[in-house]
Amino acid sequence: MVQKADKIWFDGKLVPWDEAQVHVLTHTLHYGVGVFEGIRCYACTDGGSAVFRLQEHVERLFLSAKINEMTIPFTQDQISAAIIETLKVNRLSEGYIRPLTFIGAGVMGVYPGDNPIQTIIATWPWGAYLGAEALEKGIRVKTSSFTRHHVNVMMTKAKTCGNYVNSVLAKREALADGYNEALMLDAEGYVSEATGENIFIVRKGVIKTSPLGSILSGITRESVMILAEDLGYTVVEDRFTRDELYCADEAFFTGTAAEITPIREVDRRVIGQGSRGPVTAALQDAYFKVLRGENPKYGQWLARYSF
Ligand SMILES: *Cc1c(COP(=O)(O)O)cnc(C)c1O
């Protein structure tokens, strides 16, 4: 169960957690046209807290809405301010932030007419998405029987609610089969990403990640690419196949929820030494230093707050 916070921001007002409710004829509930974000905030080493790349997440929320022809009746600055306000009233120094924009109740049928476009911001404490042990030891992954969306079936650059039916099916299958996460191939059979994480492989010191095709353009992915280059690694965006992944020295997933999670096994093949590799560890270290406000070079990635 998600741990309750005091308030949820709902269309401009902070309402008690239990009162943040919608009608059963909410359009998005029936047809899946809604957009969301997943954002994290962290307690910083020098006191206070910071939301990681708040502006980029809010911008992507608006782009997801644009892709789906939804007009959010707030500005990006208003949503950013509302996120900070919600964190403060909930006195959350570290946790997860879930903004969601959806089409409210009104007309029914596929055409949403001018049903209201509604937005909520929920926050709650959330530890490591794939388990604290996963960050250290790595996870076991299985290639999914489900294909990642084709770019002309579901537009893959938006975090659209309905897109996650595919993710839920793949995740359930992977867990039922005894794995921690599903690896999705694109419609042509190349490695795309996981159910909510981007993927990187490392071979002979070179870091490779799937290009922006069928994948969601992850903010963690972009951050890791920048940090990797800082550390002197070469990073390439290029398609690769599942067997190239099997032969990698290291592999890891990135995402706001999953942070940087090493992959120790794929389809029964052990990746590298079967544990977190040195490049993955170095990137985790650099990433967590940034999140905790320990790297002044990336101070602009942090929206600081305290209460
Ligand atoms: C959100 C998401 C990611 C990770 O994106 P971040 O911006 O790093 O959180 C990757 N893949 C999918 C499908 C996602 O929904």
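Which element gives the largest share of the lining of the largest pocket? Keep that in mind as you look at this predicted model, and let us start with its open spaces.

The largest pocket holds about 740 Å³ of space. Its lining is made of 34 residues, and those closest to the centre are Phe36, Arg98, Lys159, Tyr164 and Gly196. Several elements give two or more residues to this lining: helices H2 (54-67), H5 (164-176) and H6 (219-230), together with strands E6 (95-103), E10 (191-194) and E14. The answer to the opening question is helix H5, which supplies 5 residues, the largest share. If you sort the lining by class, you find 14 nonpolar, 13 polar and 7 charged residues.

Now turn to the second largest pocket, with a volume of about 410 Å³. Here 17 residues form the lining, and Ala20, Val22, Leu100, Phe102 and Ile120 lie nearest the centre. Strand E1 (7-10), helix H1 (27-31), strand E6 and strand E7 (117-124) each bring at least two residues to this lining. Its classes come out as 13 nonpolar, 3 polar and 1 charged.

Around it you can pick out Arg40, Tyr42, Phe52, His57, Thr220, Thr256 and Tyr287. By class, that lining divides into 3 nonpolar, 3 polar and 1 charged.

Next, let us follow the charges. Side chains of opposite charge can pair when their charged atoms come close. In this model the count comes to 19 salt bridges. One of them joins the side chains of lysine 171 and glutamate 181, at 3.0 Å from N to O. This pair connects distant parts of the chain, with lysine 171 in helix H5 and glutamate 181 in strand E9, 10 residues apart. Are these two partners buried or exposed? Lysine 171 has a relative accessible area of 15%, so it counts as buried. Glutamate 181 is at 0%, so it is buried as well.

Another salt bridge brings together aspartate 177 and lysine 142, at 3.6 Å from N to O. Aspartate 177 sits in the loop between H5 and strand E9 (181-185), while lysine 142 belongs to strand E8, and the two are 35 residues apart. Aspartate 177 is partly exposed because its relative accessibility is 40%, and lysine 142, at 26%, is partly exposed too.

The partners are 46 residues apart: aspartate 249 is in the loop between helix H7 (242-246) and E14, and arginine 203 is in strand E11. With a relative accessible area of 35%, aspartate 249 is partly exposed, and so is arginine 203, at 40%. Elsewhere, Arg53, Glu56 and Glu222 are linked in a network of salt bridges.

Finally, have a look at glutamate 250, in strand E14 (residues 250-255).

Definitions and conventions. Residues numbered from 1 in each chain as written. Predicted model: local features only at pLDDT ≥ 70, side-chain atom pairs only at ≥ 80, totals over all residues. Heavy atoms only, no water. 1 Å grid on protein atoms, 1.4 Å probe; cavity = no way out; pocket = protein on both sides within 12 Å on 5 of 7 lines; lining within 4 Å. Nonpolar A, V, L, I, M, F, W, Y, C, P; charged D, E, K, R; others polar. Helix = DSSP H or I, 4+ residues; strand = E, 2+ residues; numbered from the N terminus. Points joined across faces, edges and corners; volume = space filled by probe spheres on them. Salt bridge = Lys/Arg side-chain N within 4 Å of Asp/Glu carboxyl O. Buried < 20%, exposed > 50% of the residue type's maximum accessible area, 1.4 Å probe, protein only.
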